[in-house]
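Subject: Structure handover, with notes on its pockets, salt bridges and surface

Dear colleague,

Here is the structure I promised to pass on to you. Please look through it first, and then read the notes below.

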Amino acid sequence: MSSRIVWPRRSWLRQVAQFVRRLRRDDSGLALIEFAFSLPIFTGLGMYGIEMSNLAMINMEMSQAALNLADNASRLGQTGSSATSVSIQESDVNTTFAGLALQTNRAALLTKGRVILSSLERNSSGGQWIHWQRCIGTYNASSRYGTEDTGKTGTTFPGMGPAGKELQAPANAAVMFVELTYNYKGLFGNMFTENKQLYHRAAHLIRDDRVLNGGLVNDVSSTNQKLCSKFTSS
């Protein structure tokens, strides 16, 4: 018995060829495929834009908070038409901090940051002196220019601010100097940005006469004093 090869019918080959031609000309679903390829790119760009926008917004909010605190602290004890000088109390400072907490509640400044309010004055020798300093916030940050009583004697302390551009308090007046530090963490972790330490400073000369010699009058309990040593995070 002899075997023979059975060749496929020509019609089947033509059907295959026609199918290949139709498949090559068919562009249905092309847009969906292109979208699938581009989706991760546009999603990444969108997330990056959200992250950068949030960082810029938080940075602007912290800058404004520092400016407002310095301004509000400079107004403490305003006497209006009275010619009587006033003493600043611990409760006055607590009030300004309470306003700051409300302003920055969305950004959780009190848990993610630290604010230092310093009263820059002149000492008895005519030099610059950080007479008192109060803090709020649990983030571990300290003043870049000195702690309370820095420059109490002598004239070697140049003042507060960048080297060579230090602010100095005039005679019989005080400068309310604010340092704000905020620990920024990205919305998407470290995907687009590392944790950043935002730092802002602001200052304002007091707007009215004050009794400066006595510093802050303690009219609150010791637990309510915003001493800087009490707000350092562990």
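To begin with one side chain, Arg75 is partly exposed, with a relative accessible area of 34% (partly exposed lies between buried, under 20% relative accessible area, and exposed, over 50%, with a 1.4 Å probe and protein chains only). Please keep in mind that this is a predicted model, in which local features need pLDDT of at least 70 and side-chain atom pairs count only at pLDDT 80 or more, while totals for chains, interfaces and linings use all residues. Residues are numbered from 1 along each chain as its sequence is written, and side-chain values use heavy atoms, with hydrogens and water left out.

Salt bridges

The structure holds five salt bridges (a salt bridge being a side-chain nitrogen of Lys or Arg within 4 Å of a carboxyl oxygen of Asp or Glu). In one of them Arg75 meets the side chain of Asp71, at 3.2 Å from N to O. Another joins the side chains of Glu148 and Arg134 at 3.0 Å, N to O. Glu148 lies in the loop between β2 and β3 (175-184) and Arg134 in strand β2, so this pair ties together parts that are 14 residues apart in sequence (strands are DSSP runs of E, at least two residues, and helices are runs of H or I, at least four, numbered from the N terminus). Of the Glu148 pair, Glu148 is partly exposed at 37% relative accessible area, whereas Arg134 counts as buried at 6%.

Arg106 also forms a salt bridge, with Glu61, and their closest N and O atoms are 3.1 Å apart. This pair links distant parts of the chain, 45 residues apart, with Arg106 in the loop between α3 (90-103) and α4 (109-112) and Glu61 in helix α2 (residues 30-74). Arg106 counts as exposed at 53% relative accessibility, while Glu61 is buried at 16%.

Pocket and cavity

The largest pocket has a volume of about 190 Å³, and its lining includes Glu121, Arg122, Trp129, His131, Arg210 and Leu212. On a 1 Å grid over the protein atoms alone, a pocket is an open set of points with protein on both sides within 12 Å along at least five of seven lines, a cavity is a set where a 1.4 Å probe fits but cannot get out, and lining residues have an atom within 4 Å of a point. Grid points are joined across faces, edges and corners, and a volume is the space filled by probe spheres set on the points. Strands β1 (113-122) and β2 (128-136) each supply at least two residues of this pocket's lining.

A search of the whole structure finds one cavity of 30 Å³ or more, and about 50 Å³ of space lies in the largest cavity. Among the residues that line the largest cavity are Ile88, Ser119, Glu121, His131, Trp132 and Arg210, and β1 and β2 each supply at least two residues of that lining as well.

A helix residue

Phe19 has its place in helix α1 (residues 10-25), where Phe19 is partly exposed, with a relative accessible area of 47%.

With best wishes
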